[in-house]
Amino acid sequence: PAKAKTINKYLGSDFEVIASFGHVRDLAAKTGSVKPEANFEMVWEIQDAGSKHVKDIITHLKGKNKLYLATDPDREGEAISWHIYDILSQKGLLKNVEVERVAFNEITKSAVHDAIEHPRKIDEWLVDAYMARRALDYLFGFTLSPVLWKKLPGSRSAGRVQSVALRLICERESEIDAFNPVRYFNIDADFANVKNQQFGAYLYAYKGKKLDKLDISKQEAADQMVSTLRAEKFKVDKLEKKHQKRYPYAPFTTSTLQQEAAKKLYFSAKQTMQIAQRLYEGVDMGGTSAGLITYMRTDGVDLAHDALQAIRNFVGQDFGSNYLPASPNIYKNKIKNAQEAHEAIRPTDITRTPRNMAKYLDKNELKLYELIWNRTLASQMTPAEFDMVSADIASPSGVFRATGSTQTFDGFLKIYQEAHDIDEKDEENKTLPSLTIGDSIELKDIIASEHFTAAPPRYTEASLVKKLEELGIGRPSTYASIISVLQDRDYVSLNNRKFVPNERGRIVSTFLSEFFTRYVEYNFTAKMEEDLDDIANGKREWKKTLSEFWQDFDFNVKAAHDLKPTDITAKIEEILMPSLFAKDEDRTCPECGKGKLGLKFGRFGAFIACSNYPDCKYTKQLDTATSSSENLGDLDLGVAENGEKITLKSGKYGAYLEAGEKKSALPKSLSPDSLTADI
């Protein structure tokens with residue numbers, strides 16, 4: 001409605017602009033709405049809310065001789081136009097009405113007028129691609145979800161892309177569960193040059209051998225090396241100086257905007273898209289209204305020629321010629337399945353600075369607008385420049401390496417610095433003092449520090465979106481809804497901004513991976529996206545694609561109905577039990593002391609039960625979250641007699657101790673906060 005009001009102002013009193021409020025019609029939410037046996041006939045149903053909007057359109061259409069369909073410039077927008085056209089045609093309301101399709105990438109007066117002057121027909125290929133995607137998602141969900149409900153009580157829905165995203169999160173959790181940290185040591189030193197200016201360095205080579213990360217694995221070896229090096233004299237053996245340039249980032253696409261907003265502003269993908277929608281549709285600026293950004297669902301990294309010139313003019317005038325490249329910066333998209341029909345996300349008018357717009361926007365709208373504005377401007381600025389220095393400080397036994405960088409020109413960094421995700425390390429801008437080859441260097445201090453290799457990090461919203469895009473799974477416009485559905489179904493939770501699979505999610509994912517392997521494979525899902533792109537480009541017939549999918553899928557679903565519950569439970573238990581219990585002894589029933597704990601399914605989902613049932617009725621409902629260790633953190637208790645570090649950790653079934661490769665559940669008689677290494 002906000003967009004309709006803005007467009008009507010641009011077009012004047014000769015036009016009536018009516019909002020459709022998105023999709024007015026969808027597949028009927030019941031079994032049989034897509035009929036494979038009838039050449040994939042689809043049963044459409046006008047939604048409750050859509051009925052009112054269709055009536056409004058019909059009312060305003062009376063007495064008019066022309067209808068412009070001006071929905072969004074993507075597949076979903078094309079589909080909405082087709083649905084409205086089809087509904088009106090079936091009602092016989094278009095006999096004397098000329099129908100045109102218009103699309104624009106920004107809500108500005110010039111863009112809207114240009115679209116009206118250059119209308120086209122509905123793109124049937126785009127509509128076919130929408131039909132295929134909608135039918136695929138329906139067939140997958142409505143056919144497979146009942147199997148889940150029957151075979152895995154407590155489960156929710158399955159989704160064609162959602163289930164693959166869930167698999168990513170669950171597989172990462174399994175990697176974390178299976179990860180065994182490896183102990184290693186780093187040797188670092190503090191030095192001073194001839195002017196007593198201090199700097200740090202790390203041991204790069206020892207006795208002629210370059211050291212890899214895990215080469216120093218024992219405390220004794222590390223201590224011996226420290227002792228040897230502490231007694232030696234050092235000098236500057238090698239110096240390397242390089243001049244490097246760091247180039248600006250491309251302007252935002254849908255996925256890069258979601259990633260950066262998650263890292264920098266802590267916005268969810270859903271929140272980012274909601275705010276971007278408002279900025280696109282139009283903002284009241286004291287009597288005038290205009291969209292502040294271009295269309296926010298795009299894979300493109302290009303900028304329109306006029307916008308490019310305006311941005312370059314702004315850079316030259318506000319920052320000076322040093323910040324303006326001799327020619328425009330051109331970007332190419334390296335992402336699989338990118339559809340680059342539209343521009344990158346940019347401000348519709350670069351002269352509308354965030355400072356000027358602050359009074360018209362709420363706090364979050366301003367943050368996102370400023371992010372888009374800064375990134376767009378920076379994309380057309382000169383590179384940042386650095387002097388990089390690497391120095392080798394050598395003794396008879398070892399070589400320490402020190403590195404440093406000095407920014408000599410800020411370039412695009414004057415306006416924009418890309419954010420880092422939770423588990424990404426920021427680049428340090430360290431400087432080194434003046435050094436000359438042959439100079440004597442004084443060793444101030446040297447230490448060996450213990451480290452352990454880290455498990456792969458859980459996905460954040462930013463890293464999950466990035467991974468989905470890299471694999472070619474789903475479309476950037478669907479990432480927000482995919483992530484929301486996984487949370488709404490209680491398949492995953494967000495813990496410290498990272499995705500943790502709930503037990504329900506892990507069980508569903510394991511079931512699908514074991515019994516519907518092909519349909520949650522990354523390559524299969526990415527290939528399906530390629531097929532949908534080919535349909536949109538007129539290279540593939542949509543019903544043939546559906547037929548190829550359905551033939552095998554239907555066979556698999558029918559076979560799944562014959563699976564025995566005991567076989568399903570045994571397979572899931574086999575795969576998940578190593579993550580549920582630290583070691584096999586922990587499966588002994590805590591109540592009777594004889595039975596073995598195992599996985600069972602009841603009306604309310606999965607639970608742990610004793611094998612001695614009914615003599616022993618011990619049960620434990622599975623926790624919602626896979627692990628609570630991120631809340632409690634690990635606690636170092638000290639070192640055992642054999643030198644291994646003892647760590648108190650929190651698992652799914654309470655606290656446990658870990659020393660080296662050994663794990664042991666904490667007896668109920670002991671309180672975690674009373675523990676010491678001696679106990």
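Mentor: One term to start with: pLDDT is the predictor's confidence in each residue, on a scale from 0 to 100. You'll want that here, as this is a predicted model, in which local features need pLDDT of at least 70 and side-chain atom pairs count only at pLDDT 80 or more, while totals for chains, interfaces and linings use all residues. Residues are numbered from 1 along each chain as its sequence is written, and side-chain values use heavy atoms, with hydrogens and water left out.

Trainee: OK, what's the mean pLDDT of the chain?

Mentor: The mean is 87, and 90% of the residues reach 70 or more.

Trainee: And where does pLDDT stay under 50?

Mentor: Over residues 624–633. The model still has 25 contacts for that stretch beyond four places in sequence, a contact being heavy atoms within 4.5 Å.

Trainee: Which elements have the lowest and the highest mean pLDDT?

Mentor: Helix α19 (residues 629–632) has the lowest, at 37, and helix α12 (residues 363–379) the highest, at 97. As a rule, where pLDDT is low, the predicted coordinates should not be read in detail.

Trainee: Good to know. How many helices and strands are there in the chain?

Mentor: The chain has 19 helices and 24 strands. Both are DSSP runs numbered from the N terminus: helices are H or I with at least four residues, strands are E with at least two.

Trainee: What size of box do the C-alpha atoms fill?

Mentor: Roughly 95 × 80 × 45 Å, taken along the principal axes.

Trainee: And how many of the residues count as buried?

Mentor: Of the 679 residues, 48% do. Buried means under 20% relative accessible area, exposed means over 50%, and partly exposed is in between, using a 1.4 Å probe and protein chains only. As for contacts between residues at least 6 apart in sequence, 72% of them join residues at least 24 apart.

Trainee: Let's look at a helix pair. At what angle do α2 and α3 pack?

Mentor: About 65°, with the axes of α2 (residues 48–61) and α3 (residues 75–90) 12 Å apart. Axes are lines fitted to C-alpha atoms, for helices over the stretch in contact, and angles run from 0 to 180 degrees between N-to-C directions.

Trainee: Is that crossing left-handed or right-handed?

Mentor: Right-handed. The crossing is called that if the near helix is turned clockwise from the far one by less than a right angle, and left-handed if anticlockwise.

Trainee: Which residues in α2 meet which in α3?

Mentor: V54, I57, I58 and L61 in α2 meet I84, I87 and L88 in α3. That contact divides into seven nonpolar residues, no polar and no charged. Here Ala, Val, Leu, Ile, Met, Phe, Trp, Tyr, Cys and Pro count as nonpolar, Asp, Glu, Lys and Arg as charged, and the others, Gly among them, as polar.

Trainee: Now the backbone. Which peptide bond is cis?

Mentor: The one from Y613 to P614, with omega near 10°. P614 lies in the loop between β19 (605–610) and β20 (619–621).

Trainee: N612 is in that loop too. Which residues is N612 in contact with?

Mentor: Leaving aside neighbours within four places in sequence, N612 touches C592, K594 and G595. N612 is partly exposed, at 30% relative accessibility.

Trainee: Which residue has a positive phi although it is not a glycine?

Mentor: N39 is one of them, with phi of about 55°. N39 sits in the loop between β2 (34–35) and β3 (41–42). K207 is another case, with phi near 50°, and its place is the loop between β8 (198–206) and β9 (209–210). In general, most residues other than glycine have a negative phi, and most peptide bonds are trans.

Trainee: Is K207 buried or exposed?

Mentor: K207 is exposed, at 60% relative accessible area, whereas N39 is partly exposed, at 49%.

Trainee: Last topic: how many aromatic pairs are there in the whole structure?

Mentor: A search finds 22. F319 and Y323 form a tilted one, 6.1 Å centre to centre with 55° between the planes. Rings of Phe, Tyr and Trp (its six-membered ring) pair if their centres lie within 6.5 Å; planes under 30 degrees apart are stacked, over 60 edge-to-face, and the rest tilted.

Trainee: Which rings are linked into a cluster?

Mentor: F140, Y519, F524, F549, W550 and F553, joined through ring pairs.
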